[in-house]
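Please look through the sequence and the model before reading on.

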Amino acid sequence: MNSGKYVFAQILQFINKYEFDKCVSRYNGDYRVRELNCWNQFVQLFFGQLTSLNSLRDICTCLKAHKNKLYHLGIKQNVNQSTLSRANEKRDWRIFADFGDYLISEVRPLYANTPIPNIDLENDVFALDSTTISLSLKLFSWAPGKYSRGAIKVHTMLDLRGSIPTFIYITDGKYNDSNFLDEIDPSPFAIYLMDRAYIDFVALYKMHKVGAYFVTRSKVTLDYMVAECNFNIDEQSGLRSDRTIKLKGPKSKRLYPETLRMVEYYDDEKDMIFVFLTNNFEVTALEIARLYRNRWQIEVFFKWIKQNLTIKTLWGHSENAVNIHIWVAICTYLIVAYVKFQL
């Protein structure tokens with residue numbers, strides 16, 4: 001016989017319902033609601049994420065099968081699929097996005113002292129990337145992707161100390177990754193790691209002017225001239241060169257008039273030479289290579305949420321429903337991280 005609270009009810013105790021209600025009030029989410037309020041909607045979707053259910057019908061069927069236990073689970077009532085679907089269609093997705101931002105502000109400081117492998121820096125270090133979820137263009141006509149297919153992109157800025165997402169931006173599949181740089185607000189002295197898809201000299205120069213640092217891969221077609229070369233490097237560490245460069249292209253040198261640092265590093269595991277661009281002249285060249293190696297943590301983050309949460313199969317077809325789905329998944333990840341730290 002079970003002599004204590006159900007595990008799901010115990011997890012709900014870690015969620016601040018008062019802060020969630022503030023987000024609901026901000027957008028009048030419970031205006032003229034009879035059956036399913038925003039909190040009960042969130043709890044049922046949260047249940048679906050933790051149990052990896054593939055549809056709203058699965059969620060409703062599972063809860064209906066245990067309707068005598070719902071009160072002890074912390075769920076007010078079970079509803080049918082159409083009621084939950086209408087709530088996802090009509091409720092403002094910003095309620096769940098704001099609650100996600102609140103969870104980020106609560107969880108991120110808990111992992112602020114988490115070390116980054118092979119890095120001994122006090123700076124905040126962020127990795128930028130996006131993951132694409134393929135969709136049917138007939139069902140998701142608002143989300144065009146490449147090659148006549150539908151898709152959405154979940155653009156993410158990940159704090160590498162604890163692998164906590166600090167900024168999420170959801171777009172259609174044709175949105176250029178480099179445009180994501182226009183949405184973030186760079187922090188002075190923070191280091192941003194990104195691949196070459198994010199090379200946008202206007203945005204990178206904006207980062208440089210506010211005192212932030214970036215590390216990215218250089219494009220093969222980059223036109224530049226070498227201003228200075230550092231010959232004091234240890235090739236046994238994998239380094240091949242450490243140079244100060246200036247852009248030569250008429251457009252690129254106008255958009256980024258300052259000098260840049262180019263570091264070449266040989267990876268013996270992959271038998272490849274990586275060429276990095278950065279505006280950071282304070283750390284060593286080997287630290288630049290090690291910083292970029294840690295960018296892989298964001299790929300691990302995407303892999304984790306796709307394997308452990310329901311994110312590749314969406315629970316609605318409208319843009320509003322998809323935004324709610326993604327944000328509930330992010331909230332689930334943050335709540336799991338919070339519970340992990342507390343226990």
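Q: Which side chain is joined to that of Asn279 by a polar contact of 3.2 Å?
A: In this predicted model, residues are numbered from 1 along each chain as its sequence is written, and local features need pLDDT of at least 70, side-chain atom pairs count only at pLDDT 80 or more, and totals for chains, interfaces and linings use all residues. Side-chain values use heavy atoms, with hydrogens and water left out. A polar contact is a pair of N or O atoms within 3.5 Å, where within protein one must be able to donate a hydrogen and the other to accept it, and residues adjacent in sequence count only if both atoms are side-chain atoms. By that rule, the partner of the Asn279 side chain is the side chain of His208.

Q: Is Asn279 buried or exposed?
A: Asn279 sits in the loop between strand 9 and helix 10, where helices (H or I, at least four residues) and strands (E, at least two) are DSSP runs numbered from the N terminus. Buried means under 20% relative accessible area, exposed over 50% and partly exposed in between, with a 1.4 Å probe and protein chains only. Because its relative accessibility is 5%, Asn279 counts as buried.

Q: Which backbone oxygen lies 3.0 Å from a polar atom of the Asn279 side chain?
A: Contact means heavy atoms within 4.5 Å, and, leaving aside neighbours within four places in sequence, Asn279 is in contact with residues including Tyr213, Phe214, Tyr256 and Leu260. The backbone oxygen at 3.0 Å from its side chain belongs to Ala212.

Q: Which residues of helix 8 are buried?
A: Helix 8 covers residues 201-209, and just after this helix Gly211 takes a positive phi of about 90 degrees. Among the elements that cover its buried residues are strand 4 (191-194), strand 5 (213-217) and helix 9 (250-255). The buried residues of helix 8 are Phe201, Ala203, Leu204, Tyr205 and Met207.

Q: With which side chain does the side chain of Lys153 make a polar contact of 3.2 Å?
A: Lys153 lies in strand 2, residues 150-159, and is counted as buried because its relative accessible area is 10%. Its side chain also reaches the backbone oxygen of Tyr175 at 3.0 Å. The side chain that it meets at 3.2 Å is that of Asp177.

Q: Which helix supplies the largest share of the lining of the largest pocket?
A: The lining has 16 residues, and Asp267, Lys270, Phe274, Tyr292 and Arg293 lie nearest the centre of the pocket. Strand 8 (260-267), strand 9 (272-278) and helix 10 (285-293) each supply at least two of the lining residues. The largest share, five residues, comes from helix 10.

Conventions:
On a 1 Å grid over the protein atoms alone, a cavity is a set of points where a 1.4 Å probe fits but cannot get out, and a pocket is an open set with protein on both sides within 12 Å along at least five of seven lines; lining residues have an atom within 4 Å of a point.
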